[in-house]
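Dear colleague,

I am passing on to you the structure that we spoke about, and below it you will find my notes on what turned up when I went through it. Please read them with the structure open beside you.

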Amino acid sequence: MKIGQGKRVLVAMSGGVDSSVAAALLKADGYEVVGCFMRLGSDDSVEAADGYDNMHLRDCDADPKPQAPSLKPHHHGCCSLNDASDARMVAAMLDVPFYVLNFKKDFGRIINYFVDEYNAGRTPNPCIRCNDWLKFGKLADYARSIDAGYVATGHYARIDHTNGHARLLRGIDHHKDQSYVLFGTSRESLNHMLLPLGQMQKTQTRIIAEQMGLPVFDKPDSQEICFVPDNDYARLVTTRSPDMVRQGDIVTRDGEVVGRHQGQQHFTIGQRRGVGVSLGYPVYVVDKDPAANTVTIGAKDNLLSTCLTADQTNWLVDPPPPTDPIRCHIKIRYNSEPVPGTVTRGSDDTLAVTFDDPQPAVTPGQAVVCYDGDVVICGGWIERATPA
């Protein structure tokens with residue numbers, strides 16, 4: 001079987017309601033579904049084989065038609081032992097093969113990236129890296145090895161195949177849309193992606209899960225980064241790189257020292273709570289200098305930027321000639337709405353993005369994604385912003 005010609009699909013099942021319903025819908029649509037759970041190495045993650053290159057996979061050994069399914073207590077991250085058990089149980093109810101893939105070694109690359117970005121004064125987005133490097137990277141490699149033509153996930157985004165060219169679109173549910181975190185997917189990979197929830201509202205997903213009797217129908221969504229379940233990012237960075245986290249000065253934009261911090265890694269651009277300095281008006285983190293180990297604070301207006309530069313870019317449509325600006329809508333963080341502006345492709349794998357109206361808290365290390373209507377045009381990683 002050649003890739004793209006068959007109907008076998010490898011579904012990344014995390015144990016949540018979204019990926020569970022994605023698997024169920026694909027099976028109902030006639031696909032030969034193979035479920036898999038990615039073992040990423042959290043403290044309570046499910047045991048699997050040693051190493052990707054010598055991977056041993058285990059079939060689901062649960063009763064294919066359990067009589068009284070029930071969920072175990074779980075935290076609000078993902079990829080835990082309980083999440084694996086939930087995924088295994090759903091696969092058994094759907095009567096589809098289920099495997100555990102050991103990506104622990106590869107996941108270390110994402111954790112190292114996370115720590116390095118904070119130490120460099122940036123704010124990382126490991127979920128995007130996980131999609132690029134694992135779900136549609138290593139997982140796609142494994143799909144090819146089992147003659148699966150597609151990889152499917154429970155993301156709320158759409159793939160359009162009009163005119164034979166796959167395009168990535170925003171999900172119908174704009175409040176849940178996850179096209180932002182998929183911007184780094186290659187154009188070739190889009191041809192082998194299935195996103196069955198992109199046409200649905202999140203409320204519909206839970207209703208379908210309940211109607212199908214899936215016990216995860218009311219399971220809470222993951223809220224934290226899976227390898228930081230207590231949400232204490234700075235502690236993780238300190239544990240893994242203790243020599244990089246040092247006390248330093250909190251300064252105003254004029255350079256006046258107004259306080260001390262326990263490490264610039266504790267702060268991100270736009271942060272207000274926990275700054276630890278009172279100047280008689282609300283203050284925000286407006287800049288960080290990892291070389292000088294300083295954190296700069298200012299008023300809310302000091303957060304505004306007129307434009308940004310991004311690198312490590314990815315175009316999901318035919319790119320324009322360098323220096324030709326394109327009108328578009330722009331997202332600078334996952335939970336923000338796209339705003340109007342222009343994007344210009346540089347000759348050195350960069351993007352220059354200009355906003356029609358200044359935007360707050362443009363944060364180095366985060367992604368910028370550009371849209372033509374609902375279609376993802378391109379994206380990149382924010383390198384720097386220009387203050388208004």
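**Aromatic rings**

One aromatic cluster is formed by F107, F114, Y118, F227 and Y233. Please keep in mind throughout that this is a predicted model. The number of aromatic pairs in it comes to 10.

Y180 has a relative accessible area of 0% and is buried, while Y334, at 33% relative accessibility, counts as partly exposed.

The charged end of K7 sits over the ring of Y31, at 4.6 Å from its centre, and the charged end of R129 sits over the ring of Y113, at 5.0 Å from its centre.

**The loop around Q178**

Q178 is found in the loop between strand 6 and helix 5, and with 14% relative accessibility this residue counts as buried, because the cut-off for that word is under 20%. Which residues does Q178 touch, if those up to four places away in sequence are not counted? They are G154, H155, Y156, A157 and Y334. For Y156, which is 22 residues from Q178 along the chain, the C-alpha atoms of the two residues are separated by 5.2 Å.

**A hairpin**

Strand 5, residues 157-160, and strand 6, residues 167-170, pair in the antiparallel sense over 4 bridges. Within this pairing, D160 stands opposite R167 of strand 6. The two strands, strand 5 and strand 6, form a hairpin with 6 residues between them, and in its turn N163 has a positive phi of about 60°.

**The chain as a whole**

The protein chain contains 7 helices and 17 strands. Of its 388 residues, 52% are buried, and the chain exposes about 17800 Å², of which carbon and sulfur atoms supply 48%. If you take the contacts between residues at least 6 apart in sequence, 66% of them join residues that are at least 24 apart.

The mean pLDDT of the protein chain is 88, and 88% of its residues reach 70 or more. Two stretches deserve a separate mention here. Over residues 1-5 the pLDDT is below 50, and this stretch has 9 contacts in the model beyond near neighbours in sequence. Over residues 43-77 the pLDDT is likewise below 50, and that stretch has 88 contacts in the model, again beyond near neighbours in sequence.

With kind regards

Terms used:
Residues numbered from 1 in each chain as written. Predicted model: local features only at pLDDT ≥ 70, side-chain atom pairs only at ≥ 80, totals over all residues. Heavy atoms only, no water. Pairing = 2+ DSSP bridges. Buried < 20%, exposed > 50% of the residue type's maximum accessible area, 1.4 Å probe, protein only. Contact = heavy atoms within 4.5 Å. Areas by Shrake-Rupley, 256 points an atom, 1.4 Å probe, with all protein chains shown as cover. Phe/Tyr/Trp six-rings, centres within 6.5 Å; stacked < 30°, edge-to-face > 60°. Lys NZ or Arg CZ within 6 Å of the ring centre and 35° of its normal. pLDDT = per-residue confidence, 0-100.
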